[in-house]
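Take a walk through this chain with the model open beside you.

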Amino acid sequence: MLSVVPLSYLLQNANQNFGLISISTYLHFLFIYLAVTWGVALFVRFFYKDYYKSFIFSFFLLVIYFLFGFFHDKLKEISLVGRLASYTYFIPLTFLLCGAVYMLVKRKKKVYDPARLISVFLLINLLFQTGWLIYNVVTRVDLKQNLADPNHLLIKALPPAVDAERPDVFWFVFDEYMAPSSFKKIYNYDNPLNSELRQKGFFVADSATSNYGYTHYSLSATLDMMYLPEFNNKTSITLKDLLRG
């Protein structure tokens with residue numbers, strides 16, 4: 001039953017970021033998380049003779065393991081106790097909490113009902129996450145996650161061309177690299193790289209600027225020759241936005 005914990009955790013992440021992370025990545029982490037889960041279960045079994053007590057405390061440790069970052073971030077957002085989010089306090093408090101739960105479970109005589117309640121919760125959550133995943137697959141949420149042109153409408157609108165008319169394109173992006181005009185203006189320096197590229201037939205953007213504060217947004221917008229509609233005036237960027245870009 002404990003194996004449901006990492007499976008549900010990964011399913012939730014897959015649903016929240018559907019289409020943004022490869023299946024191979026999820027399988028990689030599933031193997032690691034299952035190894036951690038089984039290791040925790042075997043380790044805790046040495047301290048409890050009772051199966052249900054071992055199950056409850058193992059579940060608690062796994063919750064700490066998977067949600068440590070979440071709890072830490074949320075604590076920082078609470079102004080009155082935000083100082084406790086410092087690792088100087090947060091890590092010792094976490095160990096104290098684990099010790100308190102360990103003693104509480106050890107002293108409790110009847111733990112069958114709490115263990116059964118946890119099992120029911122895990123199964124319900126697994127069914128919910130599975131249903132959510134099926135919904136995402138059927139409704140093609142992955143296309144909605146794409147900020148650019150997921151249906152390739154711009155490419156389809158181009159006139160047909162034979163292969164001979166389609167040369168290979170090499171596009172070099174020097175991220176956070178000073179533009180040639182800036183080199184000349186600030187340092188009075190002519191970068192020889194520019195002339196070498198031009199001699200080989202490349203176009204060099206002397207005064208290139210970015211419409212976005214993140215390179216991958218600029219690349220996507222440039223390749224599709226269109227602005228990203230959701231980020232014209234958006235200033236707050238989340239991790240999910242970075243993945244979508």
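**Charged pairs**

Asp113 and Arg116 are joined by a salt bridge, with 3.3 Å between the closest N and O atoms. A salt bridge here is a side-chain nitrogen of Lys or Arg within 4 Å of a carboxyl oxygen of Asp or Glu. Both Asp113 and Arg116 sit in helix H5 (residues 112-138), three residues apart, or about one turn of the helix. Helices are DSSP runs (H or I, at least four residues) and strands likewise (E, at least two), numbered from the N terminus. Arg116 is partly exposed, at 46% relative accessible area. On this scale buried means under 20% relative accessible area, exposed means over 50%, and partly exposed lies in between (1.4 Å probe, protein chains only).

This is a predicted model, so local features need pLDDT of at least 70 and side-chain atom pairs count only at pLDDT 80 or more, while totals for chains, interfaces and linings use all residues. Residues are numbered from 1 along each chain as its sequence is written, and side-chain values use heavy atoms, with hydrogens and water left out.

The count of salt bridges is four. One of them pairs Asp142 with Arg140, at 2.8 Å from N to O. Asp142 is partly exposed, at 25% relative accessibility. Arg140 is also partly exposed, at 40%. Another links Lys184 to Asp190, at 3.4 Å from N to O. Here Lys184 is partly exposed at 39%, whereas Asp190 counts as exposed at 54%. Side chains of opposite charge can pair when their charged atoms come close.

**The core**

The largest nonpolar core holds 27 residues, and Phe55, Ile56 and Leu122 have the most contacts inside it. Such a core is a set of buried Ala, Val, Leu, Ile, Met, Phe, Trp, Tyr and Cys residues joined through side-chain atoms within 4.5 Å. Helices H1 (4-16), H2 (23-45), H3 (51-77), H4 (87-107) and H5 each give two or more residues to this core. H3 supplies the largest share, eight residues. Follow Phe55: leaving aside residues up to four places away in sequence, Phe55 touches Met1, Leu2, Ala115, Ile118, Ser119 and Leu122. Touching, or contact, means heavy atoms within 4.5 Å. Another core lies apart, with five residues, including Leu147, Tyr212, Tyr217 and Leu228.

**The surface**

Which residues form a nonpolar patch on the surface? They are Phe29, Phe31, Ile32 and Tyr65, with about 410 Å² of accessible area together. Patch residues have over 30% relative accessible area and no salt bridge; like charges are joined within 9 Å, nonpolar side chains (Val, Leu, Ile, Met, Phe, Trp, Tyr) within 5 Å. H2 gives the most to the patch, three residues. Tyr65 belongs to helix H3 and is partly exposed, at 40%.

**The whole chain**

Step back. The protein chain has 11 helices and zero strands. Its radius of gyration is 27 Å, well over the 18 Å that the globule rule gives for 245 residues, so the chain is more spread out than a compact globule. The radius is taken over C-alpha atoms, and the rule is 2.2 Å times the number of residues to the power 0.38. The C-alpha trace spans about 80 × 45 × 30 Å along its principal axes. Of the 245 residues, 28% count as buried.

Key:
Accessible areas come from the Shrake-Rupley method with a 1.4 Å probe; for residues, only the protein chains shown count as cover.
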